[in-house]
Amino acid sequence: MNVSDILAKGSFSKKDIVKLLEAEGEDKILLFKKSAEVKEKYIGKKVWLRGLIEFSNICGKDCLYCGIRKGNKNLKRYNLSDDEIIAAAKFAYDNRYASIVLQSGELESASVTNRVENLLYKIKEMSGGKLGITLSVGEQESEVYRRWFEAGAHRYLLRIETTNRILYSKIHPINKKHDFDRRLQCLKSLQDIGYQTGTGVMIGLPFQTSEDLADDLLFMNEFDIDMCGMGPYIEQADTPLIIHSDKLLPINDRFDLALKMTAILRIMMKDINIVAPTALQAIDSVGREKALKTGANILMPNITPGKYRDNYRLYDNKPCTDDSAEDCQSCLEARVSLADTEIIYGEWGDTKHYEKRLQAAGGRLP
Ligand code: SAM
Ligand code: SF4
């Protein structure tokens, strides 16, 4: 079957997705045209913001690809004070971002549970309940997720990273702390509790194939996610995975694959939120805008206080680490208008997908 026949279908098989991921020339243009049409029809030209607060780079895990892994000693560790976090959240609220993401390395402890819970209450209080809060602080017990949900977090981002278990074990240490089944179980708990649940993968990992990426997209569809944050894998010199750099696709091919993944997911899951990830901008200065054109509808401007940003070094050449939150805002507005899209201020930007799930569950989830 050729690409235009595949694009005319109502759903894609694994073989179809592989063919779309490998599309070049005219076929690639067809794919991007179709995903842009789907986005226009189901989402419109709108883009919603999530102010990203990278509140700590302290992590108890050792993922082999990540620059803030526990074992990296070439990094100054930081942990924002509660006041700094609330000031950043207030910046988002005052600038009508309507929503923030609290992200950090992964720590599981009673003090972290209490701290995050307390921060959620304080941010809700500061904003009169109006600021939407997404958490992205890794794997936790379901009781912890439940407490945070009750304290006001309504979305959670936990990338599955890859759905190929063998590949998962190649990019993580093999021990109980880095267990694929636990990550999956965490995603299920989040969805059961009623979070708008987001996941995603890294694209262009060493040993990863187009078949793996096709399985990743099928997993997202099957799991019925509400949000997706996925982006290219980018090397970080101080990580163990760097030894496999010779097995990587050229960086521009990884970028291209990430755009194709975004486009295909938009066609498959028409009304979910898809993030235009910062990692694209590390490769191409207008990478995120390209993702907006091909299907993404969410931007996460970094509003972490500038002095800390250089130390949230997940990968090399992470962009905007010298900027302030104000710089981010004006830069984003210019960029978004370039992509012929419009930032919607003052709205949470919940997905129609989630609303439908909610209605189907009689107004409340689970
Ligand atoms: N610690 C939490 C977790 O792992 O879910 C949240 C923060 S973690 C830094 C956020 C994401 O960064 C991870 O899910 C991973 O996909 C991404 N990341 C880490 N290292 C990366 C790299 N070298 N290239 C691209 N993305 C990377
Ligand atoms: Fe820690 Fe998340 Fe990085 Fe893994 S990806 S080392 S859990 S910050």
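The model is predicted; local features need pLDDT of at least 70, side-chain atom pairs count only at pLDDT 80 or more, and totals for chains, interfaces and linings use all residues. Residues are numbered from 1 along each chain as its sequence is written, chains are lettered from A and ligands numbered from 1 in the order in which they are written, and side-chain values use heavy atoms, without hydrogens and water.

**Exercise 1. The sheet of 3 strands**

Task: Give the strand order of the open sheet of 3 strands, then trace its pairings.

Solution: 
- Start with the terms. Strands (E, at least two residues) and helices (H or I, at least four) are DSSP runs, numbered from the N terminus. Two strands pair if DSSP finds at least two bridges between them.
- The order is E11-E1-E12, and the pairing is parallel.
- E11 (298–299) and E12 (342–344) are the edge strands; each has a single partner strand, so one side of each lacks a neighbour in the sheet.
- Take E1 (residues 46–49) with E12: 3 bridges join the two. Val47 has Ile343 as its bridge partner. Trp48 stands opposite Ile344.
- Now E1 with E11: 2 bridges, again in the parallel sense. Here Leu49 is partnered by Leu299.

**Exercise 2. Ligand 2**

Task: List the residues around ligand 2 and sort them by class.

Solution: 
- Apply the cut-off: a residue is near a molecule if one of its heavy atoms lies within 4 Å of it.
- The residues are Cys59, Lys61, Cys63, Tyr65, Cys66, Ile68, Arg69, Gly105 and Glu106.
- Apply the classes: Ala, Val, Leu, Ile, Met, Phe, Trp, Tyr, Cys and Pro are nonpolar; Asp, Glu, Lys and Arg are charged; the others, Gly among them, are polar.
- The shell holds 5 nonpolar, 1 polar and 3 charged residues.

**Exercise 3. Helices H5 and H6**

Task: Describe how H5 packs with H6.

Solution: 
- H5 (residues 110–126) and H6 (residues 142–150) meet at about 15°, with axes 9 Å apart. Axes are lines fitted to C-alpha atoms over the stretch in contact; angles run from 0 to 180 degrees between N-to-C directions.
- H5 and H6 are therefore roughly parallel (angles under 35 degrees).

Methods:
Parallel < 35°, antiparallel > 145°, perpendicular 65-115°, else oblique.
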